[in-house]
Amino acid sequence: MPVVHLLGTGAGVSGPERTTTMLAFESGGHSVVVDCGGDVIQRLMASGVDPSGIEAFIVTHEHPDHVSGFALFMEKIWLIGRRHPIPVYGIRPALDQARKVWEAFNTSGWEGVPEIQWNEVRLEPGAPVLSNERWRITAAPGVHGVPVIGIRVEDARGSGVCAYSCDTAKSPEITEMARGADLLVHEATGVELGGHTTYVQAAEVARDAGAGRMVLVHLPPFVTDEDLTEARTIYADMRLGEDGARYDF
């Protein structure tokens with residue numbers, strides 16, 4: 001059964017118990033990593049995910065709390081021993097930012113550093129991202145201060161579906177992307193400012209999409225379970241994400 005690991009669950013600024021929001025989807029020892037606002041390899045190891053099994057990396061948008069750790073990600077997979085290419089997927093502005101982060105460092109002496117295979121994702125509903133014997137991953141545009149995508153991750157063997165909103169205001173495209181998902185991982189920064197979602201709005205998305213259950217990420221400082229009281233009158237099966245948590249889907 002596939003698993004989503006919550007490597008981080010915080011917003012750009014969160015409490016000491018949370019780092020920036022990063023995810024990993026794992027199945028059969030293979031993983032797809034989503035975003036790297038911090039040390040994503042350390043977070044994988046802390047979650048019990050073997051970095052040697054990374055088969056792809058997805059960057060959702062260009063903001064630093066989602067892409068600033070890309071050069072460190074590359075350095076660490078190289079030091080661990082990876083020599084084969086790393087496919088990286090994202091919309092054009094996100095790929096451009098990841099490339100800038102990488103090229104800010106002189107890596108000319110890093111013999112055998114993996115080739116980066118840049119794969120542009122279209123900014124449109126249902127855009128294909130990755131398809132293999134484990135995954136069927138598609139994307140949809142969110143509503144944020146910069147172009148952004150959420151992703152729908154389907155188990156290729158029919159086990160289940162997980163949708164991830166990424167950073168977005170309440171969005172009909174993201175709601176449709178999440179339709180019928182067994183698990184919805186939705187941002188809940190708690191305010192709308194800058195293209196984000198309140199707890200009540202996230203509950204409305206889960207209800208309207210018919211999601212089986214929802215876990216909230218991109219959380220602000222000092223959030224507590226009591227903050228979800230009103231939202232749970234709209235959609236009951238929701239919880240605050242915690243760094244290191246894992247969910248089957």
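**Reading a predicted protein chain**

Modeller: The protein chain exposes about 10000 Å², and carbon and sulfur atoms supply 50% of that area; accessible areas come from the Shrake-Rupley method with a 1.4 Å probe. This is a predicted model, in which local features need pLDDT of at least 70 and side-chain atom pairs count only at pLDDT 80 or more, while totals for chains, interfaces and linings use all residues. Residues are numbered from 1 along each chain as its sequence is written, and side-chain values use heavy atoms, with hydrogens and water left out.

Colleague: How many helices and strands does the protein chain have?

Modeller: Helices (H or I, at least four residues) and strands (E, at least two) are DSSP runs, numbered from the N terminus. The protein chain has six helices and 14 strands.

Colleague: In what order do the strands of the open sheet stand?

Modeller: Strands of a sheet pair through backbone hydrogen bonds, either parallel or antiparallel. Two strands count as paired if DSSP finds at least two bridges between them. Here seven strands form an open sheet in the order 6-5-4-3-2-1-14, with mixed pairing. Strand 6 (116–120) and strand 14 (246–248) are the edge strands, each pairing on one side only. Strand 3 (residues 30–34) and strand 4 (residues 54–58) run parallel and are joined by four bridges; Ser31 stands opposite Ile54 in strand 4.

Colleague: Which residues does Ile137 touch?

Modeller: Contact means heavy atoms within 4.5 Å. Not counting residues up to four places away in sequence, Ile137 touches several residues, including Val32, Ile58, Leu130 and Ile151.
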